[in-house]
Amino acid sequence: MQLPEQFKLKYQQLLGAQATAFFNSFDQPVNHAFRINPLKQALPTEVDLSHPVPHCQWGYYGKVNGKSVDHQSGAVYSQEPSAMYVGEVAAPKTGMKVLDLCAAPGGKSTHLASFLANTGLLVSNEINHKRAKVLVENLERFGAQNTMILNETPQNLRKHFPGYFDQILVDAPCSGEGMFHKDPDAMQYWNLDYPSECAVRQREILRDAVQMLTPGGELVYSTCTFAPEEDEQIIAWLLDEYPLEMVPIKKYDGMVAAKPEWANGNPAIANAVRLFPHLFKGEGHFIAKLRLTQAIKSPKKVKVERRNLSRDQQQLWDDFISTNIDQFTPTELICFGDQLYTLNPKTPQLKGLKVMRPGLLLGTFKKKRFEPSYALALAIQPQAMKKTVQIDHHQWAAYVHGDTFQVVTQSPLTKGWYQLICNQQAIGFGKNVNGTIKNFFPKGLRFSVK
Ligand SMILES: C[S@@+](CC[C@H](N)C(=O)[O-])C[C@H]1O[C@@H](n2cnc3c(N)ncnc32)[C@H](O)[C@@H]1O
């Protein structure tokens, strides 16, 4: 690969004897991997689970077919091996309130949701609207029930959530040197000054992030770049500027300590970790974990959002639940227009925020009926449903293409909603009308399986 000349000079100086191996790693095959989704009870069946990633409990080396049941049902999430270590370092505890500040397309958010296991609250935020839509798709497919998705600037979030979160992940926009290998186009933005320009933005984001941490709260900072300006030097600045202490990170084989000598020499920086592609089977990452030792912003008393359903809406939802689902009792509900969502009882008032999803989208009220959402179908375990129907791969292909299809069962199916199951995974809702399953797969997600 033709790396920028100044990039080579810079890393020749920084890495010395290791530089050649580092440059050669850009000519090696890309490392593919995926995580399995612990929120789904059944294991994926179309991927190879014989090569586990040592540093990620749900990680496996290998490729996922984007047009497979495993992918469409959210049973797997493609993620390169070094990016997987970010979620593993964060490892939020169940019940925590967690913010993923730079979240799209959702690799780390889905990983955080795996740890939270439908407890606590995950606020998954993306500043770019187009990317925020992809984030919604990926989180809904993953089936996380406790996630609010926002499309906000860090500055605006800071005003709504002072001192609020137990953990914040800043997977920062960066110069992306670790992407050059997979996507050589990423090189076109690079010049010698680019890392320092990115560092200005990273400091801005972090200034807002630390103010949203509760005392004792954790800040995880990561980049997919090798540039010390965006890695060690950012951590040095954070330690100088704020009451933060480093939390040591376990270094698996091939991972190395961050380099204090590439910043101001503060030895605490070595608690952070570097994943270099010539030493480790992955594209490369920098990860640091810090803890806030004293309050920066005293949390103001947060006014929480309130349930706002009309009596008719409540009745329609209760009827839907009693006919269709055995085990699902969201504590709070909220209507946005005619759409019904779960609402975490700790959710602060949402006025003034660009909300993509206040919680799990349950469905839509349409005149005198309730239509369940695709997101709900993917968030409920088949075992918790009253009515499911097994479909084969041909019927699945018809479903994801947007077609109706027939089902033949020993005793005829009753009228109404069914969760459709293929390879033991929930893949959506269908409505049975005389043996024909009407299709409710969202139009924007349809695809054809060749
Ligand atoms: C490295 S990517 C995040 C990848 C994501 N965490 C994942 O694992 O899928 C960084 C994200 O930061 C967003 N971003 C760009 N400028 C930002 C800013 N000023 N504040 C917050 N986020 C920003 C980008 O749109 C991008 O989606």
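Helices (H or I, at least four residues) and strands (E, at least two) are DSSP runs, numbered from the N terminus. Residues are numbered from 1 along each chain as its sequence is written. This is a predicted model, in which local features need pLDDT of at least 70, side-chain atom pairs count only at pLDDT 80 or more, and totals for chains, interfaces and linings use all residues.

**The annotated site**

In the unreviewed UniProt entry, the annotation "active site" covers C224. UniProt positions are given in the numbering used here, feature names are shortened, and annotations may be inferred rather than shown by experiment. C224 lies in the loop between β8 (213–223) and α9 (232–241). A residue is called buried if 20 or more other C-beta atoms lie within 10 Å of its own, exposed if 12 or fewer, and partly exposed in between, with C-beta atoms placed from the backbone. C224 is buried because 27 other C-beta atoms lie within 10 Å. Two residues are in contact if their C-beta atoms, placed from the backbone, lie within 7 Å. Leaving aside neighbours within four places in sequence, the contacts of C224 are A83, C174, G176, G178, M179, E283, G284 and H285.

**The ligand and helix α8**

The ligand is surrounded by 16 residues, and the closest are C102, G107, K108, D171 and P173. The elements that give two or more residues to this shell are α5 (107–116) and α8 (194–211). By type, the shell divides into eight nonpolar, three polar and five charged residues. Here Ala, Val, Leu, Ile, Met, Phe, Trp, Tyr, Cys and Pro count as nonpolar, Asp, Glu, Lys and Arg as charged, and the others, Gly among them, as polar.

Helix α8 has 18 residues and reaches 27 Å from its first C-alpha to its last, close to the 26 Å expected at 1.5 Å a residue. The expected span of a helix is 1.5 Å times one less than its number of residues. The buried residues of α8 are Y194, P195, C198, A199, Q202, L206, A209, V210 and Q211. An α-helix has 3.6 residues a turn, so residues three or four places apart point the same way. The cover over the buried residues of α8 includes α7 (154–160), β7 (165–171), β8, α9 and β12 (285–292).

Two strands pair if DSSP finds at least two bridges between them. Five strands form an open sheet in the order β18-β20-β21-β22-β19, with mixed pairing. Its edge strands are β18 (388–390) and β19 (405–406), each of which pairs on one side only.

| Strands | Sense | Bridges | Residues opposite each other |
|---|---|---|---|
| β20 and β21 | antiparallel | seven bridges | I421 and A426 |
| β19 and β22 | antiparallel | two bridges | F405 and I437 |

Strand β20 covers residues 416–422 and strand β21 covers residues 425–433. In strand β22 (residues 436–439), I437 and N439 make up the covered face, while T436 and K438 make up the uncovered one. The hairpin of β21 and β22 has two residues between the strands, and N434 there takes a positive phi near 50°. N423 also has a positive phi, of about 50°, although it is not a glycine. The place of N423 is in the loop between β20 and β21. N423 counts as buried because it has 20 C-beta neighbours inside 10 Å.

**Other backbone features**

The peptide bond from A104 to P105 is cis, with omega near 5°. P105 is found in the loop between β4 (97–100) and α5. A117, in the loop between α5 and β5 (121–125), has a positive phi of about 50° although it is not a glycine. With 14 C-beta neighbours inside 10 Å, A117 is partly exposed.

**Two further positions**

A33 lies in strand β1 (residues 33–36) and is buried, with 24 other C-beta atoms within 10 Å. Not counting residues up to four places away in sequence, A33 touches V53, G59, Y60, Y61, G62, Q79, E80, P81 and M84. H129 is in helix α6 (residues 129–142) and is exposed, with 11 other C-beta atoms within 10 Å. H129 and K354 are 225 residues apart along the chain, and their C-alpha atoms are separated by 9.7 Å. A33 and L309 are 276 residues apart in sequence and 43 Å apart in space, C-alpha to C-alpha.

Technical notes:
Near = placed C-beta within 6 Å.
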